[in-house]
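I opened my notebook to work through one protein chain. Here is what I looked up, entry by entry.

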Amino acid sequence: MPRKEQGWVTFQTSEEERKILEEFCDQSQRTKTEILRELVRGLNQHSSPSNLLPSINTEEEDIYTQMPEIEISLQKKPLKVSSRNILKGVVKRVVTGAVNSEVTLEIVHKVELTSIITRVSVEELDLSEGKEAYAVIKSNDIVIARE
């Protein structure tokens with residue numbers, strides 16, 4: 001099956017752009033695919049495509065056609081974890097502290113689970129009231145996850 005039919009996207013970048021992406025991946029400890037998926041998903045949050053990208057003139061297009069290609073896959077992979085106790089819920093409240101945050105999920109009406117996770121994790125998962133998330137329970141720990 002051709003890569004295009006498998007969800008692959010191929011595009012060309014300059015050496016400088018590849019270096020920026022690689023440095024960002026190293027700093028965030030995420031793969032290029034993860035970073036680019038996040039950017040693509042963020043496109044839905046904007047109202048007009050013309051607001052997103054600067055215009056490119058034809059002279060610049062000729063330069064980019066000579067650059068090596070980077071390939072990424074846009075297929076969504078299911079979240080896999082070793083824990084068998086995974087409960088889907090809705091964030092009821094987030095109490096943010098200097099280092100840690102208290103996240104409460106409502107699993108079903110009047111059934112809530114609360115977990116203490118780092119403030120950075122709350123930011124990276126984009127947890128806020130009303131968003132869906134998962135309580136992943138392993139032994140006596142409750143881990144919060146999002147798709």
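**Entry 1: the lysine I started with**

I began with K92, which counts as partly exposed because its relative accessibility is 34%. I'm keeping in mind that this is a predicted model.

Next I asked which partners K92 has. K92 forms a salt bridge with E112, and the closest N and O atoms are 2.7 Å apart. K92 sits in strand β3 and E112 in strand β5 (residues 111–118), so this pair ties together parts that are 20 residues apart in sequence.

I also found K92 in a salt bridge with E106, at 4.0 Å from N to O. Here K92 in strand β3 (residues 85–96) is linked to E106 in strand β4, 14 residues apart. I checked E106 too: its relative accessible area is 25%, so it is partly exposed.

E112 has a relative accessible area of 31%, so I wrote it down as partly exposed. Its side chain also meets that of R93 in a salt bridge, 3.4 Å from N to O. That links distant parts of the chain again, with E112 in strand β5 and R93 in strand β3, 19 residues apart. R93 counts as partly exposed because its relative accessibility is 36%.

What joins K92, R93, E106 and E112 into one network? I traced it to salt bridges that share partners. For the whole count, I got eight salt bridges.

**Entry 2: the nonpolar core**

Then I looked for the largest nonpolar core, and it has 10 residues in all. They are V91, V103, L105, I107, I117, V122, L127, A133, A135 and I144. Strands β4 (100–108) and β6 (132–138) each supply at least two residues of this core. Which strand gives the most? I found that β4 does, with three residues.

Not counting residues up to four places away in sequence, L105 touches V90, V91, K92, V111, E112, L113, A133, Y134, A135 and I144.

**Entry 3: a serine in β4**

Last, I turned to S101, which lies in strand β4. Is S101 buried or exposed? Its relative accessibility is 1%, so S101 counts as buried; the cut-off for buried is under 20%.

I listed what S101 is in contact with, leaving aside its neighbours within four places in sequence. My list reads V94, V95, T96, S115, I116, I117, T118, R119 and V122.

Methods: Residues numbered from 1 in each chain as written. Predicted model: local features only at pLDDT ≥ 70, side-chain atom pairs only at ≥ 80, totals over all residues. Heavy atoms only, no water. Core = buried A, V, L, I, M, F, W, Y, C linked by side-chain atoms within 4.5 Å. Buried < 20%, exposed > 50% of the residue type's maximum accessible area, 1.4 Å probe, protein only. Helix = DSSP H or I, 4+ residues; strand = E, 2+ residues; numbered from the N terminus. Contact = heavy atoms within 4.5 Å.
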